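Morning, everyone. I have one structure to walk through today.

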Amino acid sequence: PLQDLTVSDEDSLCLISLWAEWQHHGRLSSKFGTSRYVTLDSEKFANLAWRWAGPFYRYLQIFGVLLTDAVEKRSQEAGEDFTITDMTLSKEELLTLSEKAQKFDGILRKYTYHSEAAEAS
């Protein structure tokens with residue numbers, strides 16, 4: 001069903017498509033004046049992230065897993081009455097996921113550092 005959603009300048013559309021297969025159905029239009037948006041090729045994003053690897057890539061992997069899980073949980077909890085939209089999670093929810101990803105990444109870094117230090121000695 002067609003839904004009218006309000007999008008602000010801080011909202012992300014289709015963010016999940018960077019980590020999961022996403023089929024878009026519908027259209028984006030503006031009721032008031034013109035709108036600007038930026039597109040990002042998810043395949044190029046993944047290749048660039050992979051090329052740089054390192055800590056930021058690890059963070060992106062963790063964030064992607066958390067985001068995909070959050071969207072899937074939201075869908076399961078709501079049942080058939082829920083439609084996953086391009087704006088499934090709020091800015092606050094995305095910030096919480098980002099903070100969780102940073103904490104988990106910190107744990108992985110500590111574990112990796114301690115493992116490497118133990119092997120070196």
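A word on terms before the count. Helices here are DSSP runs of H or I, at least four residues long, and strands are runs of E, at least two long; both are numbered from the N terminus. On that basis, the protein chain has three helices and zero strands. Read from the N terminus, the order is α-α-α.

Keep in mind that this is a predicted model. So how confident is the predictor? Mean pLDDT for the protein chain is 80. Of its residues, 83% reach 70 or more. Among the helices, α2 has the highest confidence, with a mean of 87. Helix α3, residues 91–120, has the lowest, at 82. One caution for the rest of the chain. Where pLDDT is low, the predicted coordinates should not be read in detail.

Now the overall numbers. The chain has 121 residues, and 17% of them count as buried. It exposes about 10200 Å². Carbon and sulfur atoms supply 54% of that area. Next, contacts between residues at least 6 apart in sequence. Of these, 71% join residues at least 24 apart.

Let's go along the chain. Start with tyrosine 37, in the segment before α1. Buried or exposed? Tyrosine 37 has a relative accessible area of 59%, so it counts as exposed.

Next, helix α1, residues 42–52. Look at the start of it. A side-chain oxygen of aspartate 41 comes within 2.9 Å of the backbone nitrogen of glutamate 43. Inside α1 we find tryptophan 50. Tryptophan 50 is exposed, because its relative accessible area is 59% and the cut-off is over 50%. From tryptophan 50 to leucine 60 is ten residues in sequence and 9.9 Å in space, C-alpha to C-alpha. Just after α1 comes alanine 53, with a positive phi of about 45°.

On to helix α2, residues 54–78. Why does threonine 68 count as buried? Its relative accessibility is 19%, and buried means under 20%, so threonine 68 falls on the buried side. Which residues does threonine 68 touch, leaving out those up to four places away in sequence? They are Ile16, Trp19 and Ala20.

Then leucine 66, also placed in α2. Leucine 66 has 25% relative accessibility, so it counts as partly exposed. Beyond its neighbours within four places in sequence, leucine 66 contacts Leu97, Lys100 and Ala101. Serine 98 is 32 residues from leucine 66 in sequence, yet their C-alpha atoms are 8.7 Å apart.

Now over to α3 and aspartate 105. Its relative accessible area is 5%, so aspartate 105 is buried. What does it touch, not counting residues up to four places away in sequence? Aspartate 105 touches Pro55, Arg58, Tyr59 and Ile62. A reminder when reading that list. An α-helix has 3.6 residues a turn, so residues three or four places apart point the same way.

Last item: a pocket. Rolling a probe the size of a water molecule over the atoms shows where empty space is left. Here I pick the second largest pocket, with about 200 Å³ of space. Which element gives the most to its lining? That is α2, with six residues. Both α2 and α3 supply at least two residues each. The lining residues include Leu66, Asp69, Ala70 and Lys73. Also among them are Glu93, Thr96, Leu97 and Lys100.

To recap. We have a predicted model, with three helices and zero strands. Aspartate 105 is buried at 5%, while tryptophan 50 is exposed at 59%. That's my tour. Over to you.

Technical notes:
Residues are numbered from 1 along each chain as its sequence is written. Side-chain values use heavy atoms; hydrogens and water are left out. A polar contact is a pair of N or O atoms within 3.5 Å; within protein, one must be able to donate a hydrogen and the other to accept it, and residues adjacent in sequence count only if both atoms are side-chain atoms. Buried means under 20% relative accessible area, exposed over 50%, partly exposed in between (1.4 Å probe, protein chains only). Contact means heavy atoms within 4.5 Å. Accessible areas come from the Shrake-Rupley method with a 1.4 Å probe; for residues, only the protein chains shown count as cover. pLDDT is the predictor's confidence in each residue, from 0 to 100. On a 1 Å grid over the protein atoms alone, a cavity is a set of points where a 1.4 Å probe fits but cannot get out, and a pocket is an open set with protein on both sides within 12 Å along at least five of seven lines; lining residues have an atom within 4 Å of a point. Grid points are joined across faces, edges and corners, and a volume is the space filled by probe spheres set on the points.
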